[in-house]
Amino acid sequence: LPVSEPPEDRFRVLFDEQFRSIYGYALRRASSPEAAADVVAETFTTAWRRFSDVPEGKQARLWLYGVAARVLANTRRGEQRRDRLIDKLGALAAERIRSDTSHLGDPLGVRVQEALDSLPSRDREVLVLSAWEQLTPAEIAVVLDVPPATVRTRLHRARRRVRAHLNGLPADRTDPSGQAPRLLFPGHGGVT
Amino acid sequence: VTTRAEPEDEYLDTLLRTQMLVRDEALADWDLERTAVAVREEILSRPGHAGRAQRDRWADFSTGRFRRRGAFVAAAAVVVACVISGVSVIGRHPGDGAYAAQVVASAQASPRLLIDDPAWKVTGVLFDESTPQTGEMRFTGGDQHAQVNWYPIGLLPGYVADRRPVSTVVGHIQVFGHPAELLGPNTGAKGACCEVLTALNDKIMVDFSGPRSVMGKLDTVDVRRWLDALPATVFTGDRRDLAVEDMLAGLPKPPGYDPTPVQAQALNSDRYQLGAAVVASVGCAWFMRWFDARDRHDQVTADEASQVLRESRDWPVMRQIQSQGDYPMIFKIQADRTHDGVKSRFPPLTRSGLMTTLGCTGPR
């Protein structure tokens, strides 16, 4: 909406357009659906409090990701008050996630998760912003407030380590078929 | 869209995407609309964008969480809330020493918590008499603040699990006669050092945050002492009935409007909450008339209802409460949406949506 419109209306448009993106971002990273709901609420509360700072267009989503990242990283989030409405949002997600996540437990999924977990948090976040939120290195740089070159370096390093980790794990560790280890990424070394 | 040169990167990303707890395309199918709108409106009800802070009397108490103001707090038509502010005596005529039975019953439903320190004053109470196991109180002592929330006892393990990763046990104290861990630092209410999560009894858990000096001073008290400690103007008993009649008298009512529900509410509140309840009662009746007319394609009646709703900003009770919270603003936004000439990017008004945003409970 044009800036001549009331800020309440412009905030509603921002919220409606970006809510699910930010909620998905938070759900994929927070310790629980309830915590994710808190992150979403805090992120948009910050956006409302600093509404004049929120960029327009596509940049708004990157700005919100950046705020959400800081909310997630804020070790003070324990001070947050539970709210019945936010709890409801978290409960809705918890209910759906229970029925939607059967795919996470398959053997290959376990290996991928282990590879992700093996990464330093900064490299991991760059990698998942690329893979999950499908952001370009330039966009990730905006979210994390670091130079694009740094993002590219971290992204390259993270991908190399994940490939190596996946190749380095014997398949029989997670594959009950007992077949020989399969290199997911031929040409890349094992665990470094 | 990412820029990837190597097919291996695409394959790796595909593998990584298998580990997404929730995919955006799945999230798109979740029925989140009502809750999302409710969260959005609650955020908007908070002090935020320039110029709004002055409209929210709870700003001083803000802990970074939502205050049940605006749409939700003000939707007092469904919430029998006791919100206290100001400095006078509730539920009795000054000096007569007797509380109305209604007020006593309300106090009896509450856990009646107080900080046992004369330097600390109650500044706010919010609880729902129909769900007395949930509520909150706020206190100030000089320039310091403390807050206690209470919930059903079954939530205690979840609260402990929620705080454990981000808190440190900084000590042990006695609360309600039994030992409890003192969590800190930087948890709880604004400026607070410490937080205690503990059971009050076999039905209620308590989440108390504040300066360390008061953490061991939270206690339960009898009805009289608790009521004496509430420094608020609350409309109750005869005063409440007269106030409701006065507020109703200044409002246009739709044909068939029944004031009985709002007149019969055992609502103990300040003028803002009471006013919001009255506005919800009459305003929602007009909204329902507008919906019904639209449903039967009666444009004349729909236009008449829309006109009344859009003129609600001039209702005396609106003027009385508009400086005290955001309910009038939220009501105005919904009222404007009944006007077909107003272009809106928002979804059409729905009865259930009004229940969420204004507290309309159904046909009246």
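Predicted model: local features only at pLDDT ≥ 70, side-chain atom pairs only at ≥ 80, totals over all residues.
Close-up 1. You'll find His297(B) in the loop between helix 10 (271–295) and helix 11 of chain B. Its phi is near 60°, a positive value in a residue other than glycine. Most residues other than glycine have a negative phi.

**Close-up 2. Arg112(B), another non-glycine with a positive phi.** Here phi comes out at about 55°. Arg112(B) sits in the loop between helix 5 (101–109) and strand 1 (113–115) of chain B.

**Close-up 3. An aromatic cluster in chain A.** Phe11(A), Phe15(A), Phe19(A), Tyr23(A), Phe44(A), Trp48(A) and Phe51(A) come together as one aromatic cluster. Searching the whole structure turns up 11 aromatic pairs over all chains. One of them is Phe15(A) with Phe44(A), a tilted pair at 4.6 Å centre to centre and 50° between the planes. Phe15(A) belongs to helix 1 (residues 7–27) and Phe44(A) to helix 2 (residues 33–49) of chain A, so this pair links distant parts of the chain, 29 residues apart. Both Phe15(A) and Phe44(A) are buried.

**Close-up 4. Trp315(B) meets Phe331(B).** This aromatic pair is tilted too, with 6.1 Å centre to centre and 55° between the planes. Trp315(B) is in the loop between helix 11 (299–310) and helix 12 (316–321) of chain B, while Phe331(B) is in helix 13 (residues 327–336), so the pair ties together parts 16 residues apart in sequence. Trp315(B) and Phe331(B) are both buried. As for helix 13 of chain B, 9 of its 10 residues are buried, so the rest of the structure largely encloses it. Besides Phe331(B), the buried residues of this helix include Tyr327(B), Met329(B), Gln334(B) and Asp336(B).

**Close-up 5. Tyr23(A) and the largest nonpolar core.** Of the 64 residues in this core, Phe11(A), Phe19(A), Tyr23(A), Leu27(A), Phe44(A) and Trp30(B) touch the most other members. Helix 3 (residues 59–73) of chain A supplies the largest share, 10 residues. Leaving aside residues up to four places away in sequence, Tyr23(A) touches Ala36(A), Ala37(A), Val40(A), Leu89(A), Gly90(A) and Ala93(A), plus Leu27(B), Trp30(B) and Leu32(B) from chain B. Apart from this core lies another, of 41 residues, with Tyr257(B), Phe287(B), Ile321(B) and Leu358(B) among them.

**Close-up 6. A charge over a ring.** The charged end of Arg29(A) sits over the ring of Tyr25(A), 3.9 Å from the ring centre.

Methods
Residues numbered from 1 in each chain as written. Chains lettered and ligands numbered in written order. Heavy atoms only, no water. Phe/Tyr/Trp six-rings, centres within 6.5 Å; stacked < 30°, edge-to-face > 60°. Helix = DSSP H or I, 4+ residues; strand = E, 2+ residues; numbered from the N terminus. Buried < 20%, exposed > 50% of the residue type's maximum accessible area, 1.4 Å probe, protein only. Lys NZ or Arg CZ within 6 Å of the ring centre and 35° of its normal. Core = buried A, V, L, I, M, F, W, Y, C linked by side-chain atoms within 4.5 Å. Contact = heavy atoms within 4.5 Å.
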